[in-house]
Amino acid sequence: MTLYAHIVGWGKFAPAKVLTNDDLSQMVDTSDEWIQARTGIRERRIASEQETTASMSIAAAREALRVADADPAKVDLIIVGTVTPEHLFPSTACLVQDALGARQAAAFDLSAGCSGFVYALGIASHAIEAGAYEMALVIGAETLSRIVDWTDRRTCVLFGDGAGAVVLRASKHPGGVLSSILGADGSGGELLMLPGGGSRFPSTPESVLNGMHHLHMDGRRVYRFATKIMVRATRQALEQANLSLQDLSLLIPHQANQRIIESAARGLKLEDGKVFINLDRYGNTSSASIPMALCEAVESGHVKRDDTLVLVGFGAGLTWAAATVRWSVPLPVATPPRWRVAVRWARYRWAAIRRRALSALWWLIERLFPPKPDRKG
Ligand code: COA
């Protein structure tokens, strides 16, 4: 039996704190005029001290599960696309898995720069089509404000924080993720990188002083790469799905720069209204940008049942990814029965209680049965 991976739930989280271009012009030598003209960005969201990649992922995931009316205990796979994980390890996906009470889910992070979400969508949909999993949660989440150099005007004006998530479910009805193109060219790795904190340049006082824990970018070269690859990947994704540009209802591109998006739209000869843009309000949120844009496109009525969407991104690596999606959920979605909302709420509460109870138990065990002193020598 042929299986298809359908998007059945979607959710996003954006921190409440807004940082406008005028705010930035108080911090570095820039202006609202320059930022808007060169990027299209007007403002971005910045995570509070309490908000992290995991907390935003969890919020977006809960919303996606609510829309899908899905039981978190039945999720089989959780992938978080991110370049700003909660820690180097454990993965952010494992923290999400625990917080959702998704006890039977495999969980891992995926690092593919700003292509992370579409990479994860491609991997998860292949796993579903192969019959390995029935339900997957695919998340893109970033706290870029924590790695941006707030004294570097060439980069700090571009980025923002947020998270987006989708629930993918197996179905025998044709549709859902019809194709995915995943690509990489590691020779461009140094164009966009976070040099410090890994095995090459471990964290030291010098690495901190030398700014190695901040994002570094060659903006012009990334720009050139992006304009070409967006067009090529979009065409390839449609071809792989046996479709053409005439079949495309809406392009949802990575929200890096309005000029890049407009150049891609010109390259593809797309009419006005066929490209979704929300970067003016969020800036570049890396892996989160495409799922956040998808959510807003759905919520604002830009997506209808049976529409053909292409999600396309590029990013650090260098990487690129595009997916063709046949939208199969009728909109607006029905309100789930109250008892199912209550069951989900109970699962989240129980997951939190379980986590606290387990750490209290370990604390008690260590005190009741302290490790025996080493008798060597
Ligand atoms: N405010 C004011 N001036 C700025 C500025 C800022 N925030 N940032 C750079 N400038 C200056 C530069 O110093 C340069 O001045 P100079 O000519 O005196 O040296 C001038 O503006 C032009 O800089 P340039 O880098 O050529 O601008 P640009 O038109 O290429 O725009 C980017 C810069 C970063 C907006 C653009 O290259 C870009 O979007 N690149 C892709 C980045 C991206 O998408 N990264 C994420 C990938 S996932």
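The residues of the shell around the ligand divide into ten nonpolar, seven polar and four charged. Here Ala, Val, Leu, Ile, Met, Phe, Trp, Tyr, Cys and Pro count as nonpolar, Asp, Glu, Lys and Arg as charged, and the others, Gly among them, as polar. This is a predicted model: local features need pLDDT of at least 70, side-chain atom pairs count only at pLDDT 80 or more, and totals for chains, interfaces and linings use all residues. Residues are numbered from 1 along each chain as its sequence is written.

Around the ligand there are 21 residues, and T30, C114, G219, Y223 and A256 come nearest. A residue is near a molecule or strand if its C-beta atom, placed from the backbone, lies within 6 Å of it. Two or more residues of the shell come from each of α2 (32-39), α6 (153-156) and α8 (219-240). Which element gives the most? That is α8, with five residues. Helices (H or I, at least four residues) and strands (E, at least two) are DSSP runs, numbered from the N terminus.

Now the sheets. Strands of a sheet pair through backbone hydrogen bonds, either parallel or antiparallel. Two strands count as paired if DSSP finds at least two bridges between them.

Axes are lines fitted to C-alpha atoms, for helices over the stretch in contact, and angles run from 0 to 180 degrees between N-to-C directions.

Another open sheet has four strands, ordered β8-β13-β12-β11, again with mixed pairing. Here β8 and β11 stand at the edges with a single partner strand each, so one side of each lacks a neighbour in the sheet. The twist averages 15 degrees from one strand to the next.

| Strand pair | Bridges | A facing pair |
|---|---|---|
| β1 and β7 (161-171) | nine bridges | Y4 and S171 |
| β8 (176-184) and β13 | eight bridges | S179 and T324 |
| β12 (308-315) and β13 | eight bridges | F314 and W320 |

Is β13 (residues 319-326) mostly covered or uncovered? It is mostly covered: eight of its eight residues are buried. Buried means that 20 or more other C-beta atoms lie within 10 Å of a residue's own; exposed means 12 or fewer, and partly exposed is in between, with C-beta atoms placed from the backbone. T319, A321, A323 and V325 point one way from β13, while W320, A322, T324 and R326 point the other way. V325 is also the bridge partner of L309. In the hairpin of β12 and β13, three residues lie between the strands, and G317 takes a positive phi near 150 degrees.

After α9 comes K269, with a positive phi near 55 degrees.
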